[in-house]
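Load the model in your viewer and follow the stops below.

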Amino acid sequence: MESAHQYLAAGTIAVQVAQFIRNLGHAARAHIDANYRVVCPLVARDAGLGEIGRMGLLMTPELGPRVRIGVVTTSLPLVTDERRRDYTMIDFCTHCRKCADVCPSQAISFDDRTEIDAVRRWRIDSEACFTTWCKLGTDCGRCVAVCPYSHPDNLLHNLVRLGVRRSALVRRAAIRLDDFFYGKRPPSAELADWMDVEPVSDGAAAYDR
Ligand code: SF4
Ligand code: SF4
């Protein structure tokens with residue numbers, strides 16, 4: 001539900017920005033959920049908002065994969081700034097693999113990044129992911145739920161985020177500490193166990209209707 005709300009919010013903003021630019025006399029197009037002509041995570045990465053993590057989503061240092069994106073392309077001349085790369089997130093994902101561990105469809109790779117369409121990133125089996133959503137009858141999101149970057153924006157987690165950006169040692173420790181304090185599986189998986197869900201196939205699970 002929260003994802004849907006944020007797709008709607010991002011779409012609303014993108015449509016308004018595009019209309020504003022058109023009113024200035026320049027071409028502009030909003031790219032919003034179900035109406036994309038660009039790959040939004042790659043555009044956001046090129047804009048310096050974050051990096052593409054192991055689960056194939058844009059991850060920002062502050063919010064991890066908990067972001068939904070709207071894009072506006074335009075002919076309006078703009079002043080551009082330098083793209084800031086954050087290699088610490090790539091390093092964290094290289095050693096973490098927590099999302100791949102909990103993915104019921106094995107859609108997330110355990111391997112290193114490869115060159116895909118001239119971009120070095122992790123290969124995601126989006127068809128396997130979507131097939132699982134169809135079996136479940138709803139979105140899955142276990143990868144987002146279990147990601148250490150998904151923790152709330154508070155003092156303690158922000159201190160850890162600071163350390164993670166500065167030290168490889170802290171990154172390795174943070175992966176282990178995340179397992180220790182939050183477990184290796186997302187809370188939704190524990191809830192599913194408790195609600196007596198049964199496996200469908202390939203490790204996927206669905207509610208016993
Ligand atoms: S769970 Fe770990 S490997 Fe997966 S995206 Fe998050 S940090 Fe990267
Ligand atoms: S949403 Fe679920 S099935 Fe899809 S990649 Fe994430 S964990 Fe795997």
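**Cavities, stop by stop**

Three cavities of 30 Å³ or more are counted, a cavity being a set of points on a 1 Å grid over the protein atoms alone where a 1.4 Å probe fits but cannot get out. This is a predicted model, in which local features need pLDDT of at least 70, side-chain atom pairs count only at pLDDT 80 or more, and totals for chains, interfaces and linings use all residues. Residues are numbered from 1 along each chain as its sequence is written, chains are lettered from A and ligands numbered from 1 in the order in which they are written, and side-chain values use heavy atoms, without hydrogens and water.

**Stop 1.** Select Arg54, Met55, Met59, Phe92, Cys93, Cys96, Arg97, Lys98, Cys99, Cys147, Pro148 and Tyr149, which line the largest cavity; lining residues have an atom within 4 Å of a point. Two or more of its lining residues come from each of α3 (87–96) and α4 (98–102), helices being DSSP runs of H or I with at least four residues and strands runs of E with at least two. The volume of the largest cavity is about 80 Å³, taken as the space filled by probe spheres set on the points, with grid points joined across faces, edges and corners. Domain 1 (2–74) and domain 2 (87–206) both contribute to the lining, so the largest cavity lies between them; the domain bounds come from an automatic or database domain assignment.

**Stop 2.** Next select Arg45, Glu51, Ile52, Arg85, Ile90, Arg113, Val119, Arg120 and Arg121, the lining of the second largest cavity. β6 gives the most to this lining, three residues. The second largest cavity holds about 40 Å³.

Technical notes
1 Å grid on protein atoms, 1.4 Å probe; cavity = no way out; pocket = protein on both sides within 12 Å on 5 of 7 lines; lining within 4 Å.
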